[in-house]
Amino acid sequence: MFDPDFFKQSIVSPLRYPGAKRQLVPVIEGIIKANVPPPRLLVEPFCGGATTSLRLAGTDHVDHVVLADADPLLAAFWHTAAFDSKWLINAMWNEPVTVERWDWWRLAEPKGRRETALKCLFLNRTTFSGILHGRAGPLGGRSQKSEYKIDCRFGKKGLERRISAVADLATSGRILDVWNLDWRSTVERAKKRFDMLTPDEMLIYLDPPYVEKAPFLYEWSFESTEHKNLAQAINGTSEFQWLLSYDDNDLARSLYTDYIGQSRLLVNNRYTAAGSERRKTREELLVTNYPTIPTSDRYRLLGTS
Ligand SMILES: C[S@@+](CC[C@H](N)C(=O)[O-])C[C@H]1O[C@@H](n2cnc3c(N)ncnc32)[C@H](O)[C@@H]1O
C-alpha cells in the first residue's frame with residue numbers, strides 16, 4: 001500500500017546512480033510550490049535513478065509521472081519495478097551476490113524485459129559507483145580483499161522495500177508509464193499523448209548526461225552536438241514548464257543564456273564522485289522557464305533574462 005512517509009526519506013530509489021540529483025529535489029519542490037497552478041504531470045526523459053520523479057510523485061508535488069531513458073537496461077528496470085515488482089523481488093532474493101555472478105551478468109545478453117531488469121539491478125548495486133558501463137569493476141575488487149565487498153550495497157530487505165514503493169506508486173496511478181526512448185521522442189510523445197493538459201500542467205525535468213564525464217559513466221552518453229540540440233529544442237519553449245539541471249560548466253552556461261523568461265540558478269550539490277566512494281561538493285546549474293523563483297539560501301541566481 002502507498003505510504004507517503006516512505007517518500008520523505010532521502011534515499012528512495014532502488015538504483016544507485018552517478019549524478020543522482022537527490023540534493024536538488026528540495027530546490028525543485030520549492031520552485032514548484034511557488035508557482036500556480038501546480039503541475040499535474042512530470043515527465044523525466046533522462047530518468048537514470050529517477051530520484052526526482054519518485055520523490056515528487058511520492059510527496060504529491062505532482063499527481064503523475066512518466067519515466068523515460070534511452071538506456072534499455074534502465075527502462076526495463078523501471079518498467080518491471082513499477083508493473084511487475086513481485087517477479088523482480090523474487091528473482092532478486094534468489095540471486096547470489098558473488099563475483100562469479102557479476103562476471104556472468106556482465107556478459108549476459110538478456111532478451112526479455114524481466115531478465116534485463118534484473119541485470120540492471122544486479123550490476124547497478126554491485127559495480128563501482130553504480131556505473132553500468134563496461135569498464136567499471138565489481139565493488140571490493142576481483143580479489144574481494146577490501147572492507148567493502150561485492151554485496152555491501154545489496155541489502156535485499158531494503159531493496160525489496162524500495163522496489164515495493166515504486167510498485168505502490170504505479171498501483172496508485174502515480175507512475176503512469178515507462179518509456180525506452182531518446183529524449184526528443186519522449187518530449188514529442190508526451191506533448192501528443194497528454195495534449196489535454198495546459199502548458200502549466202505539464203512539467204518536463206531534464207537531467208542530461210554530464211558534459212565532461214558522460215562517456216565514462218553511461219552506456220548512452222551525449223556528444224557536444226547533442227547538448228546543443230537539446231538547448232535548441234528547449235530554449236524559449238513555453239509549450240510546457242521545464243527544469244533542466246547540469247553539472248556547472250562553460251558549455252552548459254553558454255547554451256542557456258539570453259532567453260526572456262528563463263532563470264539560471266547555481267545550486268550547491270554534495271555528491272558521490274564517480275570512480276571513488278567519497279563525497280564531494282560541486283555546483284549544479286539549474287535552468288527553468290518557471291516565472292517565480294523563491295529566494296533561498298540553497299542557491300544563487302545567475303540572472304533572469
Ligand atoms: C545524469 S543521468 C540522469 C540521472 C538522474 N537524474 C538521477 O537522479 O539518477 C543521465 C541519463 O540520461 C540517459 N541518456 C543518455 N543519453 C540519452 C538520450 N539521448 N535520451 C534519453 N536518455 C539518455 C542515461 O542513460 C542516463 O541515465
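I looked up the contact of two helices first, and found that Trp 87, Leu 88, Ala 91 and Met 92 in α4 meet Arg 114, Ala 117, Leu 118 and Leu 121 in α6, where contact requires C-beta atoms, placed from the backbone, within 7 Å. I noted that these residues divide into seven nonpolar, no polar and one charged, counting Ala, Val, Leu, Ile, Met, Phe, Trp, Tyr, Cys and Pro as nonpolar, Asp, Glu, Lys and Arg as charged, and the others, Gly among them, as polar.

I keep in mind that this is a predicted model, in which local features need pLDDT of at least 70 and side-chain atom pairs count only at pLDDT 80 or more, while totals for chains, interfaces and linings use all residues. Residues are numbered from 1 along each chain as its sequence is written.

For the geometry, I recorded that the axes of α4 (residues 85-93) and α6 (residues 113-126) come within 10 Å and cross at roughly 55°, the axes being lines fitted to C-alpha atoms over the stretch in contact, with angles from 0 to 180 degrees between N-to-C directions. That makes α4 oblique to α6, a class left over once angles under 35 degrees (roughly parallel), over 145 (roughly antiparallel) and 65 to 115 (roughly perpendicular) are taken out.

I then turned to the ligand, which 23 residues surround, the closest being Tyr 17, Phe 46, Gly 48, Gly 49 and Asp 207; a residue counts if its C-beta atom, placed from the backbone, lies within 6 Å. I noted that this shell divides into twelve nonpolar, six polar and five charged residues.

Lastly, I noted that the C-alpha trace of the protein chain spans about 55 × 40 × 35 Å along its principal axes.

Notes
Helices (H or I, at least four residues) and strands (E, at least two) are DSSP runs, numbered from the N terminus.
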